[in-house]
Amino acid sequence: MAIILRLDRVMADRKMSLNELSARVGIANVNLSKIKTGKVSAIRFSTLDAICDALDCQPGDILEYQREAKKPEPEG
């Protein structure tokens with residue numbers, strides 16, 4: 001996937017634990033952990049809003065887009 005989650009980096013910068021962020025955002029540790037490790041395919045705007053509010057950051061601090069390398073076309 002071309003979207004990379006940088007939540008772990010922002011949390012480390014803010015010295016905030018998963019438990020503390022989970023309590024502030026109001027979502028389960030397990031769900032926040034999945035977001036942190038990038039094991040999600042979607043995130044609600046309301047969740048992103050709450051995370052940004054708790055960490056005092058912008059969505060772009062958490063989400064990054066990296067274009068995937070195109071696969072070479074088969075010859076023929």
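This report walks through the helices of a predicted model, their contacts and a few single residues.

## Before we start

Because this is a predicted model, local features need pLDDT of at least 70 and side-chain atom pairs count only at pLDDT 80 or more, while totals for chains, interfaces and linings use all residues. Residues are numbered from 1 along each chain as its sequence is written, and side-chain values use heavy atoms, with hydrogens and water left out.

Helices (H or I, at least four residues) and strands (E, at least two) are DSSP runs, numbered from the N terminus.

Let us begin with helix α1, which spans residues 7–14. Which of its residues are buried? They are Leu7, Val10 and Met11, where buried means under 20% relative accessible area, exposed over 50% and partly exposed in between (1.4 Å probe, protein chains only). These residues cover an arc of only 100° around the axis, so they sit on the same side of α1; the arc is that of the directions from the helix axis to the C-beta atoms. On the other side of α1 you will find Ala12 and Asp13, which are exposed.

The buried residues of α1 pack against β1 (3–5), α2, α3 (29–37), α4 and α5 (59–62). Contact here means heavy atoms within 4.5 Å.

## Helix α4: a buried face

Now look at helix α4, residues 45–55. Its buried residues are Thr47, Leu48, Ile51, Cys52, Ala54 and Leu55. Seen down the axis of α4, they fall within an arc of 165°, so they line one face of the helix. The face turned away from that buried side carries the exposed residues Phe45, Ser46, Asp49 and Asp53.

What covers the buried residues of α4? The cover includes α1, α2, α3, α5 and β2. Threonine 47 makes a handy example from helix α4: this residue is buried, with a relative accessible area of 14%. Leaving aside neighbours within four places in sequence, threonine 47 is in contact with Val25, Ile27 and Ile35.

## Where α2 meets α4

Helix α2 covers residues 18–25. The axes of α2 and α4 come within 9 Å and cross at roughly 120°. Axes are lines fitted to C-alpha atoms, for helices over the stretch in contact, and angles run from 0 to 180 degrees between N-to-C directions. The angle makes α2 oblique to α4: angles under 35 degrees count as roughly parallel, over 145 as roughly antiparallel, 65 to 115 as roughly perpendicular and the rest as oblique.

The crossing of α2 and α4 is right-handed. In a right-handed crossing the near helix is turned clockwise from the far one by less than a right angle, and in a left-handed one anticlockwise. From α2, the contact uses Leu21, Arg24 and Val25, and from α4 it uses Thr47, Ala50, Ile51, Ala54 and Leu55. By class, these residues divide into six nonpolar, one polar and one charged. Here Ala, Val, Leu, Ile, Met, Phe, Trp, Tyr, Cys and Pro count as nonpolar, Asp, Glu, Lys and Arg as charged, and the others, Gly among them, as polar.

## Where α2 meets α3

The axes of α2 and α3 come within 9 Å and cross at roughly 110°. The two helices are therefore roughly perpendicular to each other, and their crossing is right-handed.

On the α2 side the contact is made by Leu18, Asn19, Leu21 and Ser22, and on the α3 side by Asn29, Leu32, Ser33 and Lys36. By class, the contact of α2 with α3 has three nonpolar, four polar and one charged residues.

Most residues other than glycine have a negative phi. Lysine 15 lies in the loop between α1 and α2 and is exposed, with a relative accessible area of 74%.

Aspartate 56 follows α4 and has a positive phi, near 50°. Aspartate 56 is found in the loop between α4 and α5 and is exposed, with a relative accessible area of 67%.

Finally, find tyrosine 65 in strand β2, residues 63–65. How far apart in space are tyrosine 65 and isoleucine 3? They are 4.6 Å apart, C-alpha to C-alpha, although 62 residues separate them in sequence. Not counting residues up to four places away in sequence, tyrosine 65 touches Ala2 and Ile3.
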